[in-house]
Amino acid sequence: MELEPVLATVVEKAGLELVEVTFRREGGGKILRVTVDREGGVDLETIAATSEKLSRRLDAEGFDPGPYSLEVSSPGVERPLRRPDEFAKRLGDMVKVKTAEPLDGAKVHRGVLVAAGDDAVTIDTEAGERTVPYVEIESARTVFDWGRSERRSGSERRGRTTGGRQGRRK
């Protein structure tokens, strides 16, 4: 079963954005993690309601990988960035981008995201502006900077909230 499209339907119907879906073994069990967000953040009540809806949908679709835990959460103040549209939404934010190979002598580039095009992002670092092609990015995330006062409202004040539910056993 292709999980992401099934989960995206439920999440979007709830007025949320599906940020990430992972399903993996951890600590002797299986965990399905679903990260959701919306402008202004999500609260615990929204997380709990979304978790219940997702659980019902997974049951209705016959998702049965054996015992598993469903965890629904918000991305928190530091969120991963993968797609060009995610970078575009974070213009003006502090980011940390790791590249597979050194770019201008460094693999880690931290600074303000100033541009996000179709093929690359531009980061204003202490060493100057760096343009990083998406194909070179190994990982990227926003960075919460407590000392920066001109932050965007909402995204930087969100805390990480988690709601969980055990999957059914057969």
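**Group meeting: pairs, bridges and a charged patch**

Let's start with a salt bridge: Arg-57 pairs with Glu-61, and their closest N and O atoms are 3.0 Å apart. By salt bridge I mean a side-chain nitrogen of Lys or Arg within 4 Å of a carboxyl oxygen of Asp or Glu.

Before going on, a word on the source. This is a predicted model: local features need pLDDT of at least 70, side-chain atom pairs count only at pLDDT 80 or more, and totals for chains, interfaces and linings use all residues. Residues are numbered from 1 along each chain as its sequence is written, and side-chain values use heavy atoms, with hydrogens and water left out.

Back to Arg-57 and Glu-61. Both sit in helix H2, four residues apart, so about one helical turn separates them. Helices here are DSSP runs of H or I with at least four residues, strands are runs of E with at least two, and both are numbered from the N terminus.

How open are the two side chains? Arg-57 is partly exposed, at 27% relative accessible area. Glu-61 is partly exposed too, at 36%. The cut-offs are these: buried is under 20% relative accessible area, exposed is over 50%, and partly exposed lies in between, with a 1.4 Å probe and protein chains only. The areas themselves come from the Shrake-Rupley method.

How many salt bridges does the structure hold? Twelve. Side chains of opposite charge can pair when their charged atoms come close.

Now look at Arg-33. Its side chain meets Glu-26 in a salt bridge, at 2.5 Å from N to O. Arg-33 also bridges to Glu-71, with 2.9 Å between the closest N and O atoms. Arg-33 lies in strand E2, residues 29-37, and Glu-71 in strand E3, so this pair ties together parts 38 residues apart in sequence. Arg-33 is partly exposed at 23%. Glu-26 is partly exposed at 30%, and Glu-71 at 22%.

Salt bridges link Glu-20, Arg-82, Arg-83, Asp-85 and Glu-86.

Next, the aromatic rings. The structure holds four aromatic pairs. Take Phe-23 and Phe-63: 5.6 Å centre to centre, 70° between the planes, edge-to-face. The rule covers rings of Phe, Tyr and Trp (its six-membered ring) with centres within 6.5 Å; planes under 30 degrees apart are stacked, over 60 edge-to-face, and the rest tilted.

This pair joins distant parts of the chain, 40 residues apart: Phe-23 is in strand E1 (residues 17-26), and Phe-63 is in the loop between helix H2 (44-61) and strand E3 (69-73). Which of the two is buried, and which partly exposed? Phe-23 is partly exposed at 33%. Phe-63 is buried at 9%.

A second pair is Phe-87 with Tyr-134. Their ring centres are 5.5 Å apart and their planes stand at 55°, so the pair is tilted. It links distant parts too: Phe-87 is in helix H3 (residues 84-88), Tyr-134 in the loop between strand E7 (128-133) and strand E8 (137-142), 47 residues apart. Phe-87 is buried at 1%. Tyr-134 is buried at 16%.

One more point on rings. Ring pairs join Phe-23, Phe-63 and Tyr-68 into a cluster.

On to the surface. Which residues form the patch of positive charge? They are Lys-96, Lys-98, Arg-110 and Arg-141. A patch takes residues with over 30% relative accessible area and no salt bridge; like charges are joined within 9 Å, nonpolar side chains (Val, Leu, Ile, Met, Phe, Trp, Tyr) within 5 Å. Lys and Arg count as positive, Asp and Glu as negative; His and the chain ends are not counted. A charge is placed at NZ of Lys, CZ of Arg, CG of Asp or CD of Glu.

Lys-98 lies in strand E4, residues 94-103. Lys-98 is partly exposed, at 34%.

Asp-104 has a positive phi of about 55°, although it is not a glycine. Most residues other than glycine have a negative phi. Asp-104 sits in the loop between E4 and strand E5 (106-116). Asp-104 is exposed, at 56%.

Last stop, Leu-3. Leu-3 is in helix H1, residues 3-13. Leu-3 is buried, at 12%.

Conventions:
Areas by Shrake-Rupley, 256 points an atom, 1.4 Å probe, with all protein chains shown as cover.
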